[in-house]
Amino acid sequence: MPKFFIKTYGCQMNERDSEQVAHSLAERGYERVGHESEADVVLLNTCSVRDMADQKALGKMGMLGRLAKERPHVVFGFLGCMAQARGASLLKDLPHVDLVVGTQKFHRVTDYVDELVARKAARNLENAQRSTPNAQRSMGRRMDDLRFSIVDVEEEAGSQSTIRDQQLTPRQATAFVSIMQGCNMHCTFCIVPQTRGAERSRSINDVVVEVRKLVSRGVKEVTLLGQIVNLYGRHEFPKIDTNSPFVQLLESVHEVEGLERLRFTSPHPIGFRQDLIEAISRLPRLAEHVHLPLQSGSNKILKAMHRAYTAEKYVDLVQRIRRAREGVAITTDIIVGFPGETEDDYWQTRDLVEQIQFDNAFVFRYSPRRGTSAAAMPDQIDEQLKEERNQDLLQVVNKSNRQILERLVGTEVEVLCEGPSKTNRDRLTGRTRTNKIVVFEGDEKLLGELVDVRIEQANGFSLYGIPLAE
Ligand code: SF4
């Protein structure tokens, strides 16, 4: 039985795509292993959103060249966003790569892997049989025919509906469900519209069927995924009364019996309309957490980013979300050092971050991506300055994060237990409804269960507590 190893770079959508590939390979009889050295098939599911992510995957595949020499039967493949963006050019510098599969072709990976495994086995057999120079000469031509690779980065209609199965670990409590692919927004810094294509959504029924299956297998929390999740279905499905297709989807998933928590990520501020605010206030299983990308607090920079809202509108939206649901956590993404960002622009972002008091934020240094319009803009910012702004803003974010966590000390929170803590396998970890990480002592039988925990301590980015009853 061939063994496969898959490593994922980047976002939750990539994680979800990898799980689909893993599921398909397992169904075909392949066995998943935890390290590349044990595998007959090594797949890297790549990310292109930042240069660093590209370089990491390329560096990793470069290092795997040694493994390819030691174990010539192993199949090596690039999947996902970088594969989509770079296509066949990836084969030039990395001759051991056999497979390059783009973002609309994950469902084809298993067939391609089968083919490559069989071809490589045939080649190795012929190699073993080549014993005399005469035999080598006569076989030389056939050997060339057998040396090949597969590149498939074409678009495929309906591919958004192929990410629908996943491997679950025993007592897995949470799962991601991909509801759409692609993005039509064309923010000037972002490569996603090129790597993931135009917006395409699955049907509501399709998504509900997947959630029902997950819940029947013990999953209690589902996160609906999309690049601009709240604009789900806008090209395919009509509004009903004032409800957008996304709110209709939330309502349908919310009705799945046995589902305890529902999340979604990531929404775009411009698609965050009143029907969604009302859904947040009236659907109790929707967890109290909204991740709402801000990107910048300067209207000038927002405009240059092609983000069609202002800082004032963003603040108003945050206030309306907070009024809609008591205790809701708000987190965000921010880019510092976008081309043309002056000291004043940066301070507008910093002031806004202080004003809003986010529960947490991912702060990124702007990374120029080939083929995006921001990469060609004048006034690119010096890396050192980007780093200074990044560090400065992180301090502001960390301060509000710490204060919010400290306010939870002494309270009781509901935690969905996800498994052993990464830093101490003797303790358990899980998340609150507001997406805070909690580490606590407890028996393994709590795995996959909702546990009431009293918070004793806030430390770094985590909370520590004790379960009220086991
Ligand atoms: S909304 Fe903007 S940042 Fe988000 S995926 Fe689309 S283009 Fe990229």
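This is a predicted model: local features need pLDDT of at least 70, side-chain atom pairs count only at pLDDT 80 or more; totals for chains, interfaces and linings use all residues.
**View 1. Surroundings of the ligand.** The shell around the ligand contains C183, M185, H186, C187, F189, C190, V192 and P193. Q227, I228, H268 and R307 also surround the ligand. By class, this shell divides into 8 nonpolar, 3 polar and 1 charged residues.

**View 2. The second largest pocket.** This pocket holds about 340 Å³ of space. Two elements, α2 (51-70) and α5 (109-129), each give two or more residues to its lining. The largest contribution, 6 residues, is that of α5. In total, 20 residues line the pocket, and they comprise 9 nonpolar, 5 polar and 6 charged residues. P95, H96, D98, K120 and R123 are the lining residues that lie nearest the centre of the pocket.

**View 3. The largest nonpolar core and the contacts of I179.** The core is made up of 70 residues. I179, L224, F272 and I321 have the most contacts inside it. Helix α12 (residues 311-324) supplies the largest share of this core, with 7 residues. Leaving aside residues up to four places away in sequence, I179 touches S201, R202, V207, L224, L225, V229, Y232, F246 and L249.

View 4. In soluble globular proteins, nonpolar side chains tend to be buried together.

Notes
Residues are numbered from 1 along each chain as its sequence is written. Side-chain values use heavy atoms; hydrogens and water are left out. On a 1 Å grid over the protein atoms alone, a cavity is a set of points where a 1.4 Å probe fits but cannot get out, and a pocket is an open set with protein on both sides within 12 Å along at least five of seven lines; lining residues have an atom within 4 Å of a point. Grid points are joined across faces, edges and corners, and a volume is the space filled by probe spheres set on the points. Helices (H or I, at least four residues) and strands (E, at least two) are DSSP runs, numbered from the N terminus. Ala, Val, Leu, Ile, Met, Phe, Trp, Tyr, Cys and Pro count as nonpolar, Asp, Glu, Lys and Arg as charged, and the others, Gly among them, as polar. A nonpolar core is a set of buried Ala, Val, Leu, Ile, Met, Phe, Trp, Tyr and Cys residues joined through side-chain atoms within 4.5 Å. Buried means under 20% relative accessible area, exposed over 50%, partly exposed in between (1.4 Å probe, protein chains only). Contact means heavy atoms within 4.5 Å. A residue is near a molecule or strand if one of its heavy atoms lies within 4 Å of it.
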